[in-house]
Amino acid sequence: MMAILRQMLFGMTTAALFSAVMLTLVRKSALQEVIRLVTGMLMIVALLKPLCGLQLPSIWGWTADWMAQKSEVQQQNEARMWTSFAAAIAQMIEEQAAQGGISCKANVTMEKTEETLSVAAVEVVSGVLSEENQKTLQEIVTTYCGNAVQQQYTEEAGWEKKS
């Protein structure tokens with residue numbers, strides 16, 4: 001940094017001395033205005049020339065890193081969004097089942113197809129249920145999740161796949 005300032009100072013001093021000598025040689029005339037213009041440009045060049053040697057970080061490298069970070073953050077946010085949607089749906093299923101007197105634990109899996117987020121599968125774990133409670137639970141899951149693949153676990157029957 002000091003080297004750049006030293007070069008600027010030396011260049012400006014040299015240009016100013018050159019300008020002073022040239023302006024004293026030429027007395028009041030149109031040539032004096034031309035010399036002022038030329039020496040002014042020479043001072044600008046002397047001031048900016050040391051800056052040409054600076055090594056600045058490449059903007060393309062910076063934007064490439066930024067774009068990679070941006071896409072990674074977008075993917076993380078999307079995954080977080082899917083998880084929160086799935087948890088909210090599972091919680092609604094559990095609350096509706098609890099209102100009907102059914103104790104269960106729901107697990108919802110989401111999938112993304114062509115810019116659409118949908119429920120891929122629903123797992124419901126419960127104790128032994130009567131025929132009526134099974135039907136009620138299935139209606140609750142269908143209400144919140146549509147025709148997603150359902151798996152229901154009871155202590156007697158194990159895993160059952162329902163459509």
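Which pattern does the chain follow when it is read along the sequence? In this predicted model, the chain follows the pattern α-α-α-β-β-α-β-β, and it holds four helices and four strands.

Some values for the chain as a whole are collected here.

| Property of the chain | Value |
|---|---|
| Residues that count as buried | 23% of the 163 residues |
| Accessible surface | about 12,000 Å² |
| Part of the accessible surface belonging to carbon and sulfur atoms | 61% |
| Contacts joining residues at least 24 apart, among those between residues at least 6 apart in sequence | 50% |

The pairing of two helices can be followed in more detail. Two packed helices are described by the angle between their axes and the distance between the axes. For helix 1, which covers residues 2–25, and helix 2, the axes come within 8 Å and cross at roughly 170°. Because angles over 145 degrees count as roughly antiparallel, helix 1 is roughly antiparallel to helix 2. Where they meet, helix 1 contributes residues including Met8, Met12, Phe18 and Leu23, while helix 2 contributes residues including Gln32, Ile35, Leu42 and Leu47. Sorted by class, this contact of helix 1 with helix 2 has 12 nonpolar, four polar and one charged residues.

Gln32 lies in helix 2, which spans residues 30–48, and among the residues it is in contact with, once its neighbours within four places in sequence are left aside, are Leu23, Val26 and Arg27. Is Gln32 buried or exposed? Gln32 counts as buried because its relative accessibility is 12%, and buried means under 20%.

Terms used: Residues are numbered from 1 along each chain as its sequence is written. This is a predicted model: local features need pLDDT of at least 70, side-chain atom pairs count only at pLDDT 80 or more; totals for chains, interfaces and linings use all residues. Side-chain values use heavy atoms; hydrogens and water are left out. Helices (H or I, at least four residues) and strands (E, at least two) are DSSP runs, numbered from the N terminus. Buried means under 20% relative accessible area, exposed over 50%, partly exposed in between (1.4 Å probe, protein chains only). Contact means heavy atoms within 4.5 Å. Accessible areas come from the Shrake-Rupley method with a 1.4 Å probe; for residues, only the protein chains shown count as cover. Axes are lines fitted to C-alpha atoms, for helices over the stretch in contact, and angles run from 0 to 180 degrees between N-to-C directions. Angles under 35 degrees count as roughly parallel, over 145 as roughly antiparallel, 65 to 115 as roughly perpendicular and the rest as oblique. Ala, Val, Leu, Ile, Met, Phe, Trp, Tyr, Cys and Pro count as nonpolar, Asp, Glu, Lys and Arg as charged, and the others, Gly among them, as polar.
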